[in-house]
Amino acid sequence: MNPEPSSSVLIGRQRLIAVQGFFKEEAISWLFVLKTLIAALIALWLAYRLELESPKTAVVTVFIVMQARTGMVLAKGFYRALGTIIGSGVALLLVAAFAQERVMFLIGLAIWVGMLTAGATIYRNFQSYAFVLAGYTACLVGLPAALDPNAAFDIAVTRLTEVLLGILVASTVSGLVFPLSMRELLLSAALKRFATFANSSGRALSFGVPIEEWGSLHLKAINEIVTLDSYRSVGIFDNPKTRQQNQTILRMSADLIAAASTLHVLNRHILRLNDSGMNVVREALDPLLATGVRLLQTHVSTSASQAKQLVTHIGEWQAEIQKHKSRIQTENTFSPEQQLAFDTAIMLLEQFLDEFRCYGRSHSALQDERIIEDDDRAPLIQHGRHATDFSQPLIAGLRTVLILGVMSVFWINSSWPTGVLALTIAVVVSALFSTAPNPAKMVFQMWQGIALSFAAAFVFQFMVLPNLHGFIQLTFGLIPFLAFAAYLMTRPKWGAIGVGFGLFFSTLAIPDNVTQFNYAGLLNSGIALLVSATIAALAFLTVMPMGNQLSRYRMMRALNRQLIIACLNPLPGLRPQFERDTRELLRQIAGMRGFNTAKDRAILTDALTIQELGSAVLELRTLLGQPHSLDATRLSSVQTAISALAQFYRHRNQRNLRALRQAFNNVIPQVFDQVLETKGKESTSNDRKIQIYLHLIHLQVQALPDLGRPADPSPEVNKEVAGYAA
Amino acid sequence: MPREIPVFDALIPTLLLILIGSALIFVLIDQLLRDVDWDRFVWHPALFRFALFVILFSGLGLWWYS
């Protein structure tokens, strides 16, 4: 329809889009600044008006809760309220129990905070945040309350009121002033994931993607799925449609994961077809694959209708494959191995396309605001909890306990007047960042924010504040500082500096109802803050830093355990659980600091192997549960092989590897005996499928690297493998 | 009208009860409006709902205290 635009026009248009993009981004940042300012000032005014004890807490809460999107604010506010209520309750309980016993009180506090910090690492997103908060609010309320037990209840109630006021104002402002819903973010992320998945499927189907690159694609996909899930969990707060479609979105992620795991096996198989011995098979498959590969590789989803179209086209392609596969089968003469490779490719391809269309359908349902009615499949459970090794929460909890302990001992022995503040902030900082991928860096940024806010608070309190009269003037005095903090918060690179500045500037500088100019007090508080942040940073750097050997070892073991689970646990509901947990564990391992060395890439290929082996084993076990013609002896040797696999992943050593290979060398000829019996039958019969999956597992097992031999072609891989076998 | 009323012997601001009452009424009305897909006719649904709540709460409060 349109004439082809000339290249200079095209470049001009691209530049225009880039400029527009820049301004759009800036506009969102400034909108955030505006909203934060409005919310902070309204909260401050209300707090003064209601004559609350310390109005700054309301402002601090606004800074903590404020986010770009309304849903995030509501979600964070909700969980913050929850955490604060629980934390205050526990603080009162502790005060009631140990008001006179300082040491007992601190021990009780340490246990509570440690437990909740540990809990925070098991949960995700804002649920995790609620745990952190319930932990440190107990500290924030409990310590001042313990020093003044008679006022304990009032302290708790005041804190609660101020925090809730801040949450209320932040939520209202965020919802009313140019609200930005999570909805569009969710939809565009889902669309992008769909397009990326289609493209990498196209690449996998054409020549296969090399395993190393496939690993990093896999990681990216995992992270995108996790992001989508967090958008969902937050999006249900700000959009009724998202709330209604909760199940649909969960279903979409599950369908995507199912399709992706078949694609893993398929990709590995197509890579094998690049082998020279398989040329015939490749050539026979090429005409079948050509249409689909072109469709998938050239697909760009810029709109939901395009994605829908692709799914329709894929359906047509699938029908085409159905029509032509028997013809191609008869046209070519294959050796038994080639026949097996061909059947495998066709079977996996058909399964993948079914799953891909399923995913496409649930994706369209999301985009069209429909709800999938699926009666035949069980509803998916959503929970923020994720798989991890128990060492992770344990380390996080103990670290916080240690910080609390060290600070308490120092405080008690030195009778440091601002020790309470230092103790509290150290616990807050260490709990807050315990779930971050690189906590030490975050704490360091926070430290910079505190230092900046310290200086700014001086300027404000002693140069600006004395000249201000009344709330309106105070507002004008505060705006530059608060706006600076809010703007820093929108920059991903300086986010933690912005948060630190916003929080601690408000804490240090905003006057209470009765203004005091206390030079020494400000100095003492500032120094206490800096000391506590330093201690927290030191703890993160020295006490079991992220990515330490023990964590890595434990997490790899947990990943290995997943395969044992896939081999041995009862089948119902196992597949989605396996897919979810392996991905989560891999994500956590890859998220550890300094994950990029050659050794880590070996971990990645290893994780991929576990993923593929697990999917294949689960398929095989499902097939064994359906009608097939294996007799009892054959069945038992298949079972033996599966247990040998589990045994190998329980203790990875050369002896178990040999036993595993032996088991598969036994079972393969036994089962393939039946080729004669099944020949001429439909190539998609259960017997054939069982053969195919056994064959796939066999190939993987053969490809497992040897262990513990001194002269080995790839010593790096083996050292690592031997490392966690020990 | 009493500013505070005793609930289980604890004095509670009447306004708090009115707040809870108007929140309940609001949830009911909101549900009804959602069923007829009211959003289509409203420019700023969040503002509309907020205003509706403010009207309910202040209306009830003024009626009670007048």
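This is a predicted model: local features need pLDDT of at least 70, side-chain atom pairs count only at pLDDT 80 or more; totals for chains, interfaces and linings use all residues.
Student: Is A:Glu51 buried or exposed, and why?

Tutor: A:Glu51 is exposed because it has 8 C-beta neighbours inside 10 Å. Its place is the loop between helix H1 (7-49) and helix H2 (56-65) of chain A.

Student: What should I look for in the backbone of such a loop residue?

Tutor: Start with phi. Most residues other than glycine have a negative phi. A:Glu51 has a positive one, near 55°, and is not glycine.

Student: Where does A:Ser415 lie, and what is its phi near?

Tutor: A:Ser415 sits in the loop between helix H14 (391-414) and helix H15 (419-432) of chain A. Phi of A:Ser415 is positive, near 45°. This residue counts as exposed because 7 C-beta neighbours are found inside 10 Å.

Student: Which residue with a positive phi follows H13(A)?

Tutor: That is A:Glu369, with phi near 60°. H13(A) itself has 32 residues, and its first and last C-alpha atoms are 46 Å apart, close to the 46 Å expected at 1.5 Å a residue.

Student: How does the span of helix H21 of chain A read by that test?

Tutor: Helix H21 (residues 574-591) has 18 residues and reaches 25 Å from its first C-alpha to its last, close to the expected 26 Å.

Student: Which residues of H21(A) are buried?

Tutor: First the general idea: an α-helix has 3.6 residues a turn, so residues three or four places apart point the same way. The buried residues of H21(A) include A:Phe578, A:Leu585, A:Leu586 and A:Ile589. Charged side chains are on the list too, among them A:Arg575, A:Glu579, A:Asp581 and A:Arg583.

Student: And a residue that falls between the two cut-offs?

Tutor: Take A:Phe78, in helix H3 (residues 70-98) of chain A. A:Phe78 is partly exposed because 16 other C-beta atoms lie within 10 Å. Its C-alpha is 9.7 Å from that of A:Leu168, which is 90 residues away along the chain.

Student: What separation do A:Pro210 and A:Gly547 show?

Tutor: Their C-alpha atoms are separated by 27 Å, and the two residues are 337 apart along the chain. A:Pro210 belongs to the loop between helix H7 (182-206) and H8 of chain A. With 10 C-beta neighbours inside 10 Å, A:Pro210 is exposed.

Student: Which residues touch the most other members of the largest nonpolar core?

Tutor: In soluble globular proteins, nonpolar side chains tend to be buried together. In this model the largest nonpolar core has 205 residues, and A:Val62 and A:Val113 touch the most other members. Helix H5 (residues 125-147) of chain A gives the largest share of this core, 15 residues. Leaving aside neighbours within four places in sequence, the contacts of A:Val113 include A:Tyr136, A:Cys139, A:Leu404 and A:Val427.

Student: How is chain A divided into domains?

Tutor: The domain assignment gives domain 1 (24-180 + 388-542), domain 2 (182-237 + 246-367) and domain 3 (549-725). The centres of domain 2 and domain 3 of chain A, taken over C-alpha atoms, are 22 Å apart. Their contact takes 20 residues from domain 2 and 21 residues from domain 3.

Student: Which helices supply the domain 2 side of that contact?

Tutor: Helix H8 (211-235), helix H10 (246-273) and helix H13 (336-367) of chain A each supply at least two residues. H8(A) gives the largest share, nine residues. By type, this side of domain 2 divides into eleven nonpolar, six polar and three charged residues.

Student: How many residues of chain A are in contact with chain B?

Tutor: Five residues of chain A are in contact with four of chain B. Helix H6 (residues 152-176) of chain A provides the largest share of the chain A side, three residues. That side consists of three nonpolar and two polar residues, with no charged ones.

Student: How do strands E1 and E2 of chain B run?

Tutor: Strand E1 (residues 4-7) and strand E2 (residues 10-13) of chain B run antiparallel and are joined by four bridges. One pairing sets B:Ile5 against B:Ile12 in E2(B). The strands form a hairpin with two residues between them, and B:Phe8 in the turn has a positive phi of about 50°.

Conventions
Residues are numbered from 1 along each chain as its sequence is written. Chains are lettered from A and ligands numbered from 1 in the order in which they are written. A residue is buried if 20 or more other C-beta atoms lie within 10 Å of its own, exposed if 12 or fewer, and partly exposed in between; C-beta atoms are placed from the backbone. A nonpolar core is a set of buried Ala, Val, Leu, Ile, Met, Phe, Trp, Tyr and Cys residues joined through C-beta atoms within 7 Å. Two residues are in contact if their C-beta atoms, placed from the backbone, lie within 7 Å. Two strands pair if DSSP finds at least two bridges between them. Domain bounds come from an automatic or database domain assignment. The expected span of a helix is 1.5 Å times one less than its number of residues.
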